[in-house]
Amino acid sequence: MSNKDEVLRKPDWLKIKLNTNENYTGLKKMMREQNLHTVCEEARCPNIHECWAVRRTATFMILGDVCTRACRFCAVKTGLPTELDLKEPERVADSVVTMNLKHVVVTAVARDDLKDGGAAVFAETVRAIRRKNPFTTIEVLPSDMGGVYENLQTLMEAKPDILNHNIETVKRLTPRIRARATYERSLEFLRRSKEVQPDVPTKSSIMIGLGETKEEIIEAMDDLRANQVDILTIGQYLQPTKKHLKVVKYYHPDEFSELKEIALQKGFSHCEAGPLVRSSYHADEQVNEAAKHKQLLGEQEAQQA
C-alpha cells in the first residue's frame, strides 16, 4: 500500500459508546412512523447514541433525504430530489411536541432545484414549531440557498432563535471539499443573516483533519468574527465511506482544547471543540450561552452610556 492510499488508524479517543435504550429505539420508531428524516442518521453522526438515548435530542432534516450537491465529505444521498412534502412542517412540529424538546435543530438537504432553495418550507417549519411549542427554542441550519438574498429573508422573517450555516473547512480547501458552495458566499450568508435579524445569534462549524494548517484554522476564525458570527463548533472529520475524502490527520483532544481557547479569546460567545463535536452537538446549551452573552454585552453597554 502506498502512502497515498494509506488509511490512518483511528485513535482511542474516537471510540464511541453505543446506547440503544428505550429513548433511542422509541425515537427511531417515531421518526419512521412520521416519515421524517434526521441528519443524525443520514450523515452518520458519531453522537447519535448520546443525543437520542441520553439527551433525547435530534436534528430534523427537511425537504427530503436526497441532496442536489455532492460534497466530498458528506454521507447524505445525492441525486434528483423528491417532490416537496408540504405537510412535513406540521409533522416535525408534532414530533417536537411528542419528544417534549426544549431546543430543536432543523436542517435540510440542499435544494438547488427550487427557486427559493426551500426557504418557504424552512420558514413554515419554524412557524409550525412555534405554534405548537411556544417555549421551544429553534435553531435552523440551511444551505447557502444559492446565495439569493430574498431566500435568506424568507427564512429569517420566521425569526429562528439561532441561524447556523457551516463554512465546513478553511478557505484554501473549500473548492476541493464543498460542491457549488464557496467560502466567500457562506461568509456573506452569515453576515446578511445579521443584517436581516440583528438579534438572532449566528453560528458556524469547521471540521478539521483534511489537510488544513493551524494558521488556516485561525484565519477562518478571524473571517467568521469579521462577519459577526457568535458561536463556533470545531470537530474531527471522519471518512464516512471509502468513496469520500480520506482523513489526513486525527487531532488530539488537547489540540481541540487549545483551539477552543483561541476561539473564545477572539470573541466567540460560545465554542464547542472536540474530536466528536458536530454542528448540532449540545446545541441546547449553546442557545443559553448566546443569550447570556447578549445580556452581558447589553449590561456593559448600559454601564458605558
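Start at helix α9. Its buried residues pack against α8 (183–196), β6, β7 (231–236) and α10 (253–265). Keep in mind that this is a predicted model.

**Helix α9**

Select residues 214–226, the whole of α9. Now highlight E216, I217, A220, M221 and L224, the buried residues of this helix. They sit on the same side of α9, because they cover an arc of only 150° around the axis.

Check the helix length next. With 13 residues at 1.5 Å a residue, α9 should span 18 Å. The end C-alpha atoms are 18 Å apart, which agrees. Step just past the helix to Q228, where phi is positive, about 65°.

**Strand β6**

Move to β6, residues 202–208, and pick S205. Is S205 buried or exposed? S205 counts as buried, because its relative accessibility is 8% and the cut-off for buried is under 20%. Show side chains here. The side chain of S205 makes a polar contact with that of T233, at 2.9 Å.

Select β2, residues 59–62. T59 and M61 point one way from the strand. F60 and I62 point the other way. All four names are buried.

Bring in β3, residues 103–108. The two strands run parallel, and 4 bridges join them.

Follow the chain into the loop between β2 and α4 (88–99), and stop at C67. C67 counts as buried, at 12% relative accessibility. UniProt, in an unreviewed entry, places the feature "binding site" at C67, C71 and C74.

**Last stop: A158**

Go to the loop between α6 (149–156) and β5 (162–164) and select A158. A158 is buried, with a relative accessible area of 10%. What does A158 touch, leaving aside neighbours within four places in sequence? A158 is in contact with A123, V126 and R127.

Finish with a distance. Pick the C-alpha atoms of A158 and T125. These residues are 33 residues apart along the chain, and their C-alpha atoms are separated by 9.0 Å.

Key: Residues are numbered from 1 along each chain as its sequence is written. This is a predicted model: local features need pLDDT of at least 70, side-chain atom pairs count only at pLDDT 80 or more; totals for chains, interfaces and linings use all residues. Side-chain values use heavy atoms; hydrogens and water are left out. Buried means under 20% relative accessible area, exposed over 50%, partly exposed in between (1.4 Å probe, protein chains only). A polar contact is a pair of N or O atoms within 3.5 Å; within protein, one must be able to donate a hydrogen and the other to accept it, and residues adjacent in sequence count only if both atoms are side-chain atoms. UniProt positions are given in the numbering used here, feature names are shortened, and annotations may be inferred rather than shown by experiment. The expected span of a helix is 1.5 Å times one less than its number of residues. The arc is that of the directions from the helix axis to the C-beta atoms. Contact means heavy atoms within 4.5 Å. Two strands pair if DSSP finds at least two bridges between them.
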